[in-house]
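Please look over the model shown here before reading the points that go with it. They are meant for reading side by side with the coordinates.

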Amino acid sequence: MNWLWAIIVGLILGVIARAILPGKQAIPLWLTCIYGILGGMLGNAVAGWIGVRHTGGFDWIRHLLQLAGAVVIVALGTPLWHTIRSGGRRRGVT
């Protein structure tokens, strides 16, 4: 059941990250979900490093770090996705 929650939370984080970033991120939904999962994992790692991974009550700091991780992954991954899809060619260049 943990994998199902990872997918659901990853999709939510990825969609919110895409909404936060300016411009349009033309990436497929499955990649948004993967980026969200990776961002959540990055946020959990950072939360563990700074000592806020497990706190009493609702873990606002951990969840904000997960969202920040998703924003970073989407911001870095989207241009990479376009580079891979275009075969290394930049858009608008013939």
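1. Basis of the note. This is a predicted model, in which local features need pLDDT of at least 70 and side-chain atom pairs count only at pLDDT 80 or more, while totals for chains, interfaces and linings use all residues. Residues are numbered from 1 along each chain as its sequence is written, and side-chain values use heavy atoms, with hydrogens and water left out.

2. Overall make-up. The protein has three helices and zero strands, where helices (H or I, at least four residues) and strands (E, at least two) are DSSP runs numbered from the N terminus. The order of elements from the N terminus is α-α-α, and the C-alpha trace spans about 55 × 25 × 20 Å along its principal axes. Of the 94 residues in the protein, 32% are buried; buried means under 20% relative accessible area, exposed over 50%, and partly exposed in between, with a 1.4 Å probe and protein chains only.

3. Packing of α1 on α3. Helix α1 and helix α3 (residues 60-85) pack at an angle of about 65°, with their axes 8 Å apart. That angle makes α1 roughly perpendicular to α3, given that angles under 35 degrees count as roughly parallel, over 145 as roughly antiparallel, 65 to 115 as roughly perpendicular and the rest as oblique. Axes here are lines fitted to C-alpha atoms, for helices over the stretch in contact, and angles run from 0 to 180 degrees between N-to-C directions.

4. Packing of α2 on α3. For α2 and α3 the packing angle is about 135°, and the axes are 6 Å apart. α2 is therefore oblique to α3.

5. Residues within α2. Helix α2 covers residues 29-50 and includes Gly40, which counts as buried because its relative accessibility is 8%. The C-alpha atoms of Gly40 and Leu13 are separated by 7.4 Å, although the two residues are 27 residues apart along the chain. Thr32 also lies in helix α2 and, at 0% relative accessibility, counts as buried; its C-alpha atom is 9.7 Å from that of Ile73, which is 41 residues away along the chain. Trp49 is found in helix α2 as well, but counts as exposed, with 68% relative accessibility.

6. The salt bridge. How many salt bridges does a search of the whole structure find? The search finds one, a salt bridge being a side-chain nitrogen of Lys or Arg within 4 Å of a carboxyl oxygen of Asp or Glu. The side chains of Asp59 and Arg62 form it, with 3.1 Å from N to O. Asp59 counts as buried at 10% relative accessibility, and Arg62 counts as buried at 19%.

7. The nonpolar surface patch. Trp3, Leu4, Trp5, Ile7, Ile8, Val9, Ile12, Ile16 and Ile20 form a nonpolar patch on the surface, and together they have about 840 Å² of accessible area. Patches are made of residues with over 30% relative accessible area and no salt bridge, like charges being joined within 9 Å and nonpolar side chains (Val, Leu, Ile, Met, Phe, Trp, Tyr) within 5 Å. Accessible areas come from the Shrake-Rupley method with a 1.4 Å probe, and for residues only the protein chains shown count as cover. Ile16, one of the patch residues, sits in helix α1 (residues 2-20) and counts as partly exposed, at 36% relative accessibility.
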